[in-house]
Amino acid sequence: MDSAKREDYIIRVEDLVVAFDSRVVLNGVSLNVRRGETMVILGGSGCGKSTLLRHIIGLRRPESGKIIIKGRDITQLDNEELSKLLRKVGVVFQSSALFNSISVGDNVALPLREHTKLEESTIQIMTKIKLDMVGLAGYESFMPSELSGGMKKRAAFARAISMDPEILFCDEPSAGQDPIIAAGLDQLILKLKKALKMTIVVVTHEMASMYTIADRVIMLRGGKVIFRGTQKEFKASDHPRVKQFIDRRPEEYSEEEIGRYARALTSNSF
Amino acid sequence: MELFFGSIGRRALDFLERIYFLYRLIVDSLYWTFVAPVVGKGLRVGSTFDEMVKVGVSAVPIVVLISLSIGMILAMQSAYQLEQFGATIFTADLVAVAQTRELGPLMTAIIVAGRSGSGIAAEIGTMKVSEEIDALQSMGFHPIKFLVVPKLIALAVMVPCLTIIADFVGIGGGVVIAVFSLDLGFTRYITRTIFALVFKDIVAGLIKSFVFAFLVGIIGCYMGFKVEGGAEGVGRNTTQSVVVSIFLIILADAFFTAIFYYIW
């Protein structure tokens with residue numbers, strides 16, 4: 001990789017190792033995200049994809065490895081600098097994570113009020129624009145508890161883009177939504193990408209969603225990257241785990257594995 | 001054998017981790033309360049006032065009701081003993097001193113632990129479960145500054161205020177019994193109360209209540225941040241925050257009473 005090419009990567013993760021207590025969750029994960037592309041991180045439950053995301057946005061520090069966002073290794077930054085860097089990063093959490101004690105409008109306006117010195121009237125207008133973008137015009141004064149799940153997600157998108165971030169992270173945007181709302185959220189991601197020219201990283205296990213939005217795909221399993229490439233390459237992949245994922249085949253256990261599992265269960269009871 | 005030592009080791013590590021977390025919570029809170037506003041990192045004044053209303057103003061009715069009862073109970077119990085010596089007027093001394101030095105601060109702190117300590121733990125715990133704390137951090141906000149400091153300041157200001165109200169109302173409760181049941185006469189009872197009370201009694205009570213406020217706030221926040229595992233975890237830690245706060249309040253009460261008795 002020559003140095004000119006390195007510049008193009010807005011996010012670089014190198015050899016990330018994460019362990020909870022003695023359990024290794026991510027074991028040497030590396031990935032590069034180009035400026036302006038949509039990267040989808042695929043994987044089954046418990047493969048470490050949400051953990052990976054939590055590290056890239058600086059919520060947890062890894063055991064080893066580098067996470068370089070816009071040329072700065074965030075594992076080396078102190079809280080102050082990290083907080084500054086995060087202002088240019090938007091995150092949509094799996095459970096939307098709207099602040100339930102304040103209205104939808106205030107949720108969207110909060111980063112602007114705290115991080116900028118804009119006048120209140122300007123903030124009001126910007127909040128309106130962002131809510132309009134996600135299709136929630138006129139919902140400023142609603143409380144988050146008055147919104148449906150899909151609308152909460154949309155509000156979370158509005159809040160994530162309120163500071164005009166360069167990078168948007170989404171954790172399982174369509175989890176728990178019906179197919180129509182999930183498709184609507186995918187369209188929203190495409191629309192936001194077009195309008196705001198953001199780099200987008202989406203963590204998901206929904207194949208349909210991946211096919212709609214992804215420029216490139218990474219698949220995790222057991223804390224390792226088992227596939228990286230474009231959608232076309234993904235479909236053509238002959239990696240057994242990738243195929244299993246595409247074909248929706250359940251896990252197959254051998255007789256021996258089942259026997260070991262049963263023994264482990266019985267010997268543990270004391 | 002290995003299992004045995006392993007479990008001891010894990011428990012010790014777990015314990016040390018908790019102590020460290022508590023230490024960080026206290027140090028960060030103090031930093032964001034006293035240092036950060038001075039160096040221009042700001043203080044959330046608006047939400048501090050909101051918290052003051054929640055913690056203080058809306059607790060006034062219950063504090064008044066309980067203090068009135070406590071004052072009346074104190075007066076009746078004191079009179080019951082003092083009657084034997086024909087010294088019922090000293091009821092005024094007993095009520096005033098017991099209320100300002102001990103029962104005013106203690107009962108107020110217990111009410112606040114039950115009302116606000118549990119509320120703080122539930123609020124922060126729910127926010128943690130619904131990823132709101134993560135969202136705060138990901139937006140570049142410090143959760144301590146946003147959530148803990150306004151609550152701590154509100155408690156530190158309002159609990160002593162509530163204690164002053166409790167002192168007055170408690171003495172008022174004594175007056176009610178003295179006038180209507182003991183025939184002591186309003187003016188005489190009040191004069192006796194003023195004569196019996198010294199400045200130190202009230203200050204000692206207020207110092208205690210300040211410490212209690214800090215304990216309720218820190219324990220509530222600690223239990224909130226330590227919530228794990230959804231709604232069940234929130235419930236468990238909320239209950240724990242009340243039990244632990246009241247326990248620590250009484251320990252601290254014993255400690256400070258001893259200091260005031262022997263040293264000051």
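Predicted model: local features only at pLDDT ≥ 70, side-chain atom pairs only at ≥ 80, totals over all residues.
Good morning. I begin with one contact: the side chains of B:Arg101 and B:Asp201 meet in a salt bridge, with 2.9 Å from N to O. B:Arg101 belongs to helix 4 of chain B and B:Asp201 to helix 8 of chain B, residues 199-225, so the pair ties together parts that are 100 residues apart in sequence.

B:Asp201, at 5%, counts as buried. A network may be mentioned here as well: salt bridges that share partners join B:Glu51, B:Lys54, B:Glu123 and B:Lys151.

I turn next to a pair within a single helix. B:Arg24 forms a salt bridge with B:Asp28, and their closest N and O atoms are 2.7 Å apart. Both residues lie in helix 1 of chain B, 4 residues apart, which is about one turn of the helix. Is B:Asp28 buried or exposed? With a relative accessibility of 17%, B:Asp28 counts as buried, because the cut-off for that class is under 20%. B:Arg24, at 33%, counts as partly exposed.

The third pair involves both chains. A:Glu114 and B:Arg44 meet through their side chains in a salt bridge, at 2.5 Å from N to O. A:Glu114 sits in helix 4 of chain A, and B:Arg44 in the loop between helix 1 (2-35) and helix 2 of chain B, so this pair joins two chains. A:Glu114 has 30% relative accessibility and counts as partly exposed. Over all chains, a search of the whole structure finds 26 salt bridges.

B:Arg44 brings me to the second largest pocket. Which residues lie nearest the centre of this pocket? They are A:Ser101, A:Ile102, B:Arg44, B:Ser47 and B:Glu123, out of a lining of 21 residues. The elements that give two or more residues to this lining are helix 4 (104-115) of chain A and, from chain B, helix 2 (45-55), helix 4 (91-129), helix 5 (132-138) and helix 6 (143-180). The volume of the pocket is about 540 Å³. By residue class, its lining divides into 8 nonpolar, 4 polar and 9 charged.

B:Arg44 is in the salt bridge with A:Glu114 and is listed among the residues nearest the pocket centre. B:Glu123 is likewise listed there, and B:Glu123 also belongs to the salt-bridge network. Thank you.

Note on methods:
Residues numbered from 1 in each chain as written. Chains lettered and ligands numbered in written order. Heavy atoms only, no water. 1 Å grid on protein atoms, 1.4 Å probe; cavity = no way out; pocket = protein on both sides within 12 Å on 5 of 7 lines; lining within 4 Å. Points joined across faces, edges and corners; volume = space filled by probe spheres on them. Nonpolar A, V, L, I, M, F, W, Y, C, P; charged D, E, K, R; others polar. Salt bridge = Lys/Arg side-chain N within 4 Å of Asp/Glu carboxyl O. Buried < 20%, exposed > 50% of the residue type's maximum accessible area, 1.4 Å probe, protein only.
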